[in-house]
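I'd like to walk you through one model, so please get it up on your screens.

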Amino acid sequence: MKIRKSGHRFVTLTLAGLLPMAGTALAQHDHDHDHDHDSHHAEALREGHVDLLVLYEETEGLHMALAAGEHHDHGEDDGHGHDHGHEHLELDGTEIVAGPAAVTTTQSGESWTFQGGEGHFLYVLPQSQLHGVPFLGINTEELVADDFQSAPRMRLLEVHGPGDFFLYQTDGFGQPTVLMNSADAGEDIYSPPVGTHVHMNWAFTQPGEYELHFEVEATLSGGTEITSDPQVVKFHVTGPAHYLREGHADIALAYDPDHGTSVHIAGEDAHHHEEDA
């Protein structure tokens, strides 16, 4: 089977006006939640411009990294006459966060059936920049065209998480082209041309922790086929905001030596109601 789903779901609670930190997301306390991964040690990319870079060096071969911030032509020369004014972030130490602003609903129409039906929650990092979530692109601008016979191929191998993952673009008429779909049995490959920078929609069907496993293939200019080691891109999808309206609730500060200080909502009598997306 191509996809193995696993992981935990998360709920975000908002206490409007109760805390001076307006808009701060608070995680619902879950005594049974087992942090069996190290994503909370990772650098969290919560908003702004983020790129998934496809890179190649003779010594390291094909690999991917992340870069955050606006990418302009200034900074350190890469040896090929290209200036890159951003720092590469290792995939293993970084997670991309889809917060409450990413919540939307699935759409109707024949071209949208891949989403699984109309009216369900969907959690999307969109191809157009949206305040409060990462603006995630795929960037091959650091590759040198003379090194390759054709565009590299990004292949989705597995999705580890509580739901499905879709990668798609919409055209000027709002119609989607699905590039990757973990819910079907088809092959999931996207070939970004060398020297390009493109944004698309990264969509998840459930809140929780996701690991997307990719490999990158390419044919070098001399005809040699090369393939990267498996590349894991981590996402944390928080889910829709919830609001406490009645009942007993406590704000609890907790400290764990592995995960640091955290703020939770505790109390079995607390009631929360999900807002419309």
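Predicted model: local features only at pLDDT ≥ 70, side-chain atom pairs only at ≥ 80, totals over all residues.

Residues are numbered from 1 along each chain as its sequence is written, and side-chain values use heavy atoms, with hydrogens and water left out.

The protein averages 81, and 71% of the residues score at least 70. Over residues 8-40, though, the pLDDT is below 50, and that stretch still has 69 contacts in the model beyond near neighbours in sequence. A contact here is heavy atoms within 4.5 Å. Residues 270-277 also stay under 50.

What about secondary structure? We've got zero helices and 25 strands. Those are DSSP runs numbered from the N terminus, with helices being H or I of at least four residues and strands being E of at least two. Of the 277 residues, 43% are buried; buried is under 20% relative accessible area, exposed is over 50%, and partly exposed is in between, using a 1.4 Å probe and protein chains only.

Two strands count as paired if DSSP finds at least two bridges between them. S8 and S5 (residues 61-68) are antiparallel over two bridges, and Ala67 has His88 in S8 as its bridge partner.

Next, S18, residues 201-204. Asn201 and Ala203 point one way, Trp202 and Phe204 the other, and all are buried. In general, side chains in a regular strand alternate between the two faces of the sheet. S18 pairs antiparallel with S11 (residues 121-125) over three bridges, where Leu125 partners Trp202. Four bridges also join S18 to S14, again antiparallel, with Tyr168 standing opposite Asn201.

Keep an eye on Trp202. In the largest nonpolar core, which has 43 residues, Trp202 is listed with Met154 and Phe235 as having the most contacts inside it. A nonpolar core means buried Ala, Val, Leu, Ile, Met, Phe, Trp, Tyr and Cys residues joined through side-chain atoms within 4.5 Å. S19 (residues 208-219) gives the largest share of that core, five residues. Apart from it lies another core, of seven residues, among them Trp112, Val124, Tyr168 and Ala203. Beyond four places in sequence, the residues Trp202 touches include Leu52, Leu136, Phe165, Phe214 and Phe235.

Last, two loop residues. Is Gly163 buried or exposed? Gly163 sits in the loop between S13 (153-160) and S14 (165-170), and it counts as buried because its relative accessible area is 3%. Its C-alpha is 8.9 Å from that of Ala183, 20 residues apart in sequence.

Arg46 is in the loop between S3 (43-45) and S4 (48-57). Arg46 counts as exposed because its relative accessibility is 52%. Arg46 and Ile96 are 50 residues apart along the chain, with their C-alpha atoms separated by 6.4 Å. Arg46 also contacts Val97, Gly132, Val133 and Pro134, leaving aside neighbours within four places.

Conventions. pLDDT = per-residue confidence, 0-100.
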